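Visitor: Good morning. I would like to go through this structure with you, one topic at a time.
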Amino acid sequence: MALSVREYRARIKSTESMKKITRAMELIAASRIIKAQQRAQAAAPYARELTRAVSAVATFSNVDHALTVEPEDPKKAAILVVTSDRGLAGAYSSSVIKEAERLVEKLKGEGKEVDLYCSGRKGEAYFKFRQRPVVQSWTGFSDQPTYDVAAEIGATLIATFLDEEGVDEVHVVYTRFRSMLSQEPTAVRLLPLEVVEGTEPPEQGDLLPLYEFEPSPSEVLDSLLPRYVQSRIFFALLQAAASELAARQKAMKSATDNADELIKKYKRIANQARQAGITQEISEIVGGVNALADAQAGSE
Amino acid sequence: MADSSSGAVLQVELVAADRLVWSGQATMVIARTTEGDVGILPNHAPLLSSIIEGVVDVQTVEGETWVAAVDAGFLSVADNRVSILSERAEMSHEIDLEKARQDLERAKESGENNDEAHEAVRRAEARIRAAERAS
């Protein structure tokens with residue numbers, strides 16, 4: 001009981017104001033996450049149709065495209081790490097970074113050089129602090145990514161992939177949004193494209209019709225594939241945004257709960273201190289009265 | 001797809017990267033591909049084509065005409081399902097005509113003679129055309 005009642009009161013007050021902040025952040029994250037999920041849903045038709053078109057072209061023409069060809073001896077790989085711009089989201093950014101580090105180790109083990117690309121300030125700061133070069137980073141949109149950003153990132157990655165001097169494969173590490181309670185850091189290889197993998201295989205009986213291609217299959221593929229890559233990146237960014245908000249909501253909820261508990265504990269200690277003070281005062285008075293009475297009895 | 005034999009209609013989806021812009025039934029769709037304008041009527045052969053910045057016309061079954069401005073993208077037709085995919089797409093009533101005109105001015109004034117500048121000019125022109133057609 002080292003501290004006085006007054007000091008405990010001050011602690012309770014500051015914890016209460018912190019609790020207000022974390023509570024507000026929790027509510028903001030909760031309302032934004034609904035929007036983020038809606039955005040992810042709104043983007044789904046585009047991704048679906050694009051996937052259909054790509055698999056149609058891939059099925060009906062054996063055109064090889066620069067973006068689908070496996071390099072014979074991959075020497076250099078690029079990794080796009082999708083993190084958040086701000087913290088206070090629990091382990092969200094650190095678990096993505098951990099997953100990215102694992103991938104870096106794996107690729108290095110295969111004898112490949114690794115170029116890092118970053119989306120989100122947290123990842124950028126992490127690599128900068130460790131003085132590891134980041135080729136390019138994009139920041140300032142992590143909780144509501146737009147398609148334009150995804151297109152820009154996509155264009156950059158495609159350009160370095162197609163460049164002779166550039167990378168031979170491109171990976172993306174992002175957080176997959178499973179549910180409000182579970183988000184999972186995931187690493188996928190973006191380039192060279194594996195079209196067949198088809199995230200959504202066409203339903204049974206939904207045979208792809210024999211398409212006519214205009215102007216030609218290869219030209220259609222030429223403009224189709226970069227868009228496909230961009231849409232995959234957009235998908236990753238949207239998932240990451242939803243995950244970030246879910247992680248933040250969870251972190252802020254437990255922070256608010258902890259603040260509640262702390263306030264309760266401090267109140268108990270403060271009351272104990274207050275009572276101890278009163279008890280001491282009483283015993284002092286009683287002691288004083290007794291001493292006075294003794295002194296009077298002695299003088300008589 | 002049950003009524004594909006007679007009195008067929010087209011199921012049209014106009015999809016932008018971040019949202020579904022319009023979907024519904026139509027009797028005709030006109031879009032501008034890299035080869036020129038194409039008109040799609042019910043029971044059209046399966047087609048996959050690149051489209052460029054331009055105006056898409058949709059005649060709905062109710063006899064209305066919807067006009068939309070789209071960016072470069074794709075048109076796919078199969079089983080009377082028409083999907084128009086474009087990174088950006090706007091229905092004519094969503095377009096701010098004044099702003100589109102300003103964009104066109106700016107794009108023309110920049111005077112750069114590269115693909116990007118041409119694209120910007122074409123995009124702005126398409127939006128103006130779409131907005132004017134509808135009004």
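Visitor: Which residue is the bridge partner of A:K76 in strand 2 of chain A?
Guide: The bridge partner of A:K76 is A:E113. Strands here are DSSP runs of E with at least two residues, helices are runs of H or I with at least four, and both are numbered from the N terminus. This is a predicted model, in which local features need pLDDT of at least 70, side-chain atom pairs count only at pLDDT 80 or more, and totals for chains, interfaces and linings use all residues. Residues are numbered from 1 along each chain as its sequence is written, with chains lettered from A and ligands numbered from 1 in the order in which they are written.

Visitor: How many bridges join strand 1 of chain A to strand 2 of chain A?
Guide: Seven bridges join them, and the two strands run parallel. Strands count as paired if DSSP finds at least two bridges between them.

Visitor: Why is strand 1 of chain A said to be largely enclosed?
Guide: Six of its seven residues are buried, so strand 1 of chain A is largely enclosed by the rest of the structure. A residue is buried if 20 or more other C-beta atoms lie within 10 Å of its own, exposed if 12 or fewer, and partly exposed in between, with C-beta atoms placed from the backbone.

Visitor: And which are the buried residues of helix 3 of chain A?
Guide: In helix 3 (residues 121-129), they are A:R121, A:K122, A:G123, A:E124 and A:Y126. Their cover includes strand 1 (76-82), helix 2 (92-109), strand 2 (113-119) and strand 3 (136-138) of chain A. Just after helix 3 of chain A, A:Q131 has a positive phi of about 55 degrees.

Visitor: Turning to the two chains, how many residues of each are in contact?
Guide: 25 residues of chain A are in contact with 23 residues of chain B, where contact means C-beta atoms, placed from the backbone, within 7 Å. Helix 1 of chain A provides the largest share of the chain A side, 10 residues. By class, that side has 18 nonpolar, two polar and five charged residues. Here Ala, Val, Leu, Ile, Met, Phe, Trp, Tyr, Cys and Pro count as nonpolar, Asp, Glu, Lys and Arg as charged, and the others, Gly among them, as polar.

Visitor: Which strand of chain B is joined to strand 6 of chain A?
Guide: Strand 4 (residues 47-51) of chain B is joined to it by three bridges, and the two run parallel. There, A:F213 stands opposite B:L48.

Visitor: What does the domain assignment give for chain B?
Guide: It gives domain 1 (10-91) and domain 2 (95-134), with bounds from an automatic or database assignment. Their centres, taken over C-alpha atoms, are separated by 21 Å. Domain 1 of chain B gives eight residues to the contact and domain 2 of chain B gives 10 residues. On the domain 1 side, strand 6 of chain B gives the most, with three residues.

Visitor: Finally, which residues touch the most other members of the largest nonpolar core?
Guide: Of its 101 residues, those are A:V82 and B:A68. Such a core is a set of buried Ala, Val, Leu, Ile, Met, Phe, Trp, Tyr and Cys residues joined through C-beta atoms within 7 Å. Helix 5 of chain A gives the most to this core, with 19 residues. Domain 1 and domain 2 of chain B both give residues to this core, so it lies between them.
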